[in-house]
Amino acid sequence: MALNASCLFCKIIKGEIPSYKVYETAKVYAFLDINPLAEGHTLIIPKYHGERTHDIPDEYLADVAPVAKKIALAFGAGSDDVEYNILQNNGTLAHQVVMHVHYHVIPKPTAESGLVIGWPQTAPSQDDLKAVHAKLIKNLEGSE
Ligand code: 5GP
Ligand code: ZN
């Protein structure tokens with residue numbers, strides 16, 4: 001396992017710091033958030049130390065969505081009135097505090113509890129959207 005001796009979440013994976021384990025696979029570990037935004041708020045972390053999503057090998061990321069789905073179902077997402085958010089912050093400006101990639105699975109019981117976010121939409125022109133689209137497609141082609 002590619003872990004970092006001084007990282008809080010690596011220590012949780014190794015059991016050096018206690019946590020309320022919810023689920024794990026060979027590639028990810030899921031446990032209760034210590035300061036939940038709502039009851040059941042769970043974190044999923046790859047068993048690989050990296051700061052941001054793009055630092056993590058695909059084989060670890062591949063387990064994240066299936067495990068998030070299991071956790072959501074465990075807190076009742078199969079029922080229409082149970083809503084939730086899946087969130088992942090990359091970088092301090094983007095509200096990341098613990099610098100080991102983690103995916104939040106957060107029940108949204110009411111408007112005031114769970115994840116509360118701003119959504120500062122913009123309204124670019126079609127030309128602006130086309131330019132952004134062309135740039136992304138070009139960079140994606142370069143990354144194959
Ligand atoms: P971030 O803002 O980095 O996306 O979120 C970090 C999350 O980790 C926070 O929701 C915080 O409550 C949680 N957290 C920080 N330290 C610990 C800890 O020692 N144990 C657990 N279980 N959660 C933690
Ligand atoms: Zn780590």
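I take a contact to mean heavy atoms within 4.5 Å. With that in hand, I looked up how the chain folds back on itself: residues 24 or more positions apart account for 50% of the contacts with a separation of 6 or more. I note that the model is predicted.

**Entry: overall fold.** I found 4 helices and 5 strands in the chain. Reading from the N terminus, I recorded their order as α-β-β-β-α-α-β-β-α. I then looked up the extent of the chain, whose C-alpha atoms fill a box of roughly 50 × 40 × 25 Å along the principal axes.

**Entry: surface and charge.** I noted that 31% of the 144 residues are buried. The accessible surface comes to about 9500 Å², and carbon and sulfur atoms hold 56% of this area. I recorded 12 positive and 17 negative side chains, with the centres of the two sets 6 Å apart.

**Entry: the zinc site.** Which residues coordinate the zinc ion (ligand 2)? I found Cys7 (SG), Cys10 (SG), His49 (ND1) and His100 (ND1), at 2.0 to 2.3 Å. Along the chain, these donors follow the spacing C-x2-C-x38-H-x50-H. Cysteine 7 lies in the segment before helix H1 (8–14), and histidine 100 lies in the loop between strands E4 (84–87) and E5 (103–107), so this pair ties together parts that are 93 residues apart in sequence.

For comparison, I wrote down that the ideal angle for four tetrahedral donors is 109.5 degrees.

Entry: Are cysteine 7 and histidine 100 buried or exposed? Cysteine 7 has a relative accessible area of 9% and is buried. Histidine 100, at 0%, also counts as buried.

Notes. Residues numbered from 1 in each chain as written. Chains lettered and ligands numbered in written order. Predicted model: local features only at pLDDT ≥ 70, side-chain atom pairs only at ≥ 80, totals over all residues. Heavy atoms only, no water. Donors = N, O, S within 2.8 Å, 3.2 Å for Na, K, Ca; no water. Helix = DSSP H or I, 4+ residues; strand = E, 2+ residues; numbered from the N terminus. Buried < 20%, exposed > 50% of the residue type's maximum accessible area, 1.4 Å probe, protein only. Areas by Shrake-Rupley, 256 points an atom, 1.4 Å probe, with all protein chains shown as cover. Lys, Arg positive; Asp, Glu negative; His and termini not counted. Charge placed at Lys NZ, Arg CZ, Asp CG, Glu CD.
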